[in-house]
Amino acid sequence: MLVHSRRARWAVWTVFFALFLPLFALPLLVIVAASFATGWSGVLPSGATLAHYQDLARGDSLDALITSLLTALAASVLALVAGTWAALAAERLPRRVRRIVDGLFLLPVAVPSVAVGLSLLVAFSQPPVLLNGTRQIVIVAHTVLVTAFAHQSVSAALARLDPAYEQSAAGLGARPGYVLRRVKLPLLLPSLTAAAGLCFALSMGELSATMMIYPPDWMPLPVQIFATTDRGALFAGAALAVVLMAATLLVLLAVSRIRTRASYR
Amino acid sequence: MASAAPAARRAHTLWALPPVAALALVFLYPLALVVWQSFTSEDGGHSTAPYAAVLAQASFRDALANTVLIAVGATAGALVLGCALALVIAFVPFPGGRALGRFIDVFLAFPSFLITLALLFLYGTVGIANGLWTQATGAASGPFDFLHTPWGVLLAEVTYFTPFVMRPLLAAFAQVETGQLEAASSLGARPRQVVRKVILPEALPSLAAGGALVLVMCLNEFGIVLFTGAKDVVTLPVLVYTKAILDGDYTGACVVAVVNIALSVALYALYRCVAARTAAGGVRSARA
């Protein structure tokens, strides 16, 4: 407790909420409120309606949601496999090589997502691999962008892992594959599920690289939100944004439930 | 046993190959092609001519200046605000503070452009702030019209990136021993002194790391600027998009992308060095 007098404490809290609520809580609330409105020219939105949500169920927004969910699912699974594999393999390498491998897998965090999109566009519009205009290129882009986060959290978890488990299993004669499957991966499960949730959420909201490469028949939700607000339909865009937030939250919630169950086992 | 070691090492290297090869195919090879393309002039020859052409454009220089200024401003804002808010959550605790921490985690999972969208309803030509003004004064339109200027981008980036500063700071603040604070206070240090002399030195590595990360993310931010929809706020990532998708000028886009990548990766490398040194050498090296 840093501030001891009661009055000073209340003053600090007042300033805190005067900053925190308008900056962080209000934006999310405003989007939710706008998604149920037809106009907003006063303090409060006007014309309460469910029309935006009813339109969503009919139009191509549902396709966009499914596209986003499928892309995020594919990208998270691929990123988790690649990131975990790389983290596990890098652990056995000599220190210097290991630092290079770790650095390479972290690099996509630093490279602008727009540049990642551009690079895929440049590379896969020419032989030997032609992916431009396909769904796969979107999934590849998302995988590249989220693998860094999967690799980072699995590496961190590996560094915290007590080597005694692995050593005693190996000392009892378990082969490396068995140790990995029955000892290491179960111990890593909580971090793996956390990484999966993070990858999924990031992929659901990815806009920058996607804007560069999406084909007309594979338009994820963020691109749809941009297209909607760009033509001036702000309130329909808000409804789409609420759908995006709700879907992301639901998946994060489901993942965190798996996670608590995994850590109790 | 001596002969088994090299064989084991070979096996370990072999196991590391598939993920590295995959990364090379979908990330390193495309990046190399971007660099190659940026040196390819229209007649198919290879020279630095595309760079000379792009660097001479006023639009590029404006975008570079915009990007750096907005990124530095947003990082400074996020650092100050994040530091202040995290200090209150950690050291002037109130009921519900933990729920607030969870709220921040959720905030981090949302895409950045949602903030710009929300600001349109808050400070846009229609929206709360201007609505308040017109209702109170009876004027035809409100005074808030900054969303399409760099200030709108700045506000959105400060809002979005402050939680990225707060999270590592909250973790660092949790490590500060309350005994130290009590000792300092009972020796007569005022809260301001305790913060400056005891808490901040302890949290400086996290503050530096968080700030560097946010600076890189601000340099690379695209969604916030795109949603702002302002013609006169162009940053490097937006210029890459405009050149490649709207103008079809791939070489020009590659040049801008290479500049953007160089800037961000250099900063990120610096951040990794600082982070590694502070992890090894304690607090003092963070200041270097």
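Helix contacts, core and a loop residue

User: Which residues in helix 1 of chain A meet helix 5 of chain B?
Analyst: In helix 1 of chain A they are A:Leu26, A:Pro27, A:Leu28, A:Val30, A:Ile31 and A:Ala34, and they meet B:Leu114, B:Ile115, B:Leu117, B:Ala118, B:Leu119, B:Phe121 and B:Leu122 in helix 5 of chain B. Contact means C-beta atoms, placed from the backbone, within 7 Å. Helices (H or I, at least four residues) are DSSP runs numbered from the N terminus.

User: What kind of model and numbering is this?
Analyst: This is a predicted model, where local features need pLDDT of at least 70, side-chain atom pairs count only at pLDDT 80 or more, and totals for chains, interfaces and linings use all residues. Residues are numbered from 1 along each chain as its sequence is written, with chains lettered from A and ligands numbered from 1 in the order in which they are written.

User: How many residues does each chain give to the contact between chains?
Analyst: Chain B gives 67 residues and chain A gives 63. On the chain B side, helix 1 (residues 4–38) has the largest share, 17 residues. That side has 55 nonpolar, 12 polar and no charged residues.

User: Which residues touch the most others in the largest nonpolar core?
Analyst: A:Leu118, A:Cys199 and B:Val240, out of 163 residues. Such a core is a set of buried Ala, Val, Leu, Ile, Met, Phe, Trp, Tyr and Cys residues joined through C-beta atoms within 7 Å. Helix 3 (residues 58–91) of chain B supplies the largest share, 14 residues.

User: New topic: is B:Ser47 buried or exposed?
Analyst: B:Ser47 counts as exposed because it has 11 C-beta neighbours inside 10 Å. The cut-offs within 10 Å are 20 or more other C-beta atoms for buried, 12 or fewer for exposed, and partly exposed in between.

User: Where does B:Ser47 lie?
Analyst: In the loop between helix 1 and helix 2 (49–56) of chain B. Leaving out residues up to four places away in sequence, B:Ser47 touches B:Phe39 and B:Ser41.

Conventions. Helices (H or I, at least four residues) and strands (E, at least two) are DSSP runs, numbered from the N terminus. Two residues are in contact if their C-beta atoms, placed from the backbone, lie within 7 Å. Ala, Val, Leu, Ile, Met, Phe, Trp, Tyr, Cys and Pro count as nonpolar, Asp, Glu, Lys and Arg as charged, and the others, Gly among them, as polar.
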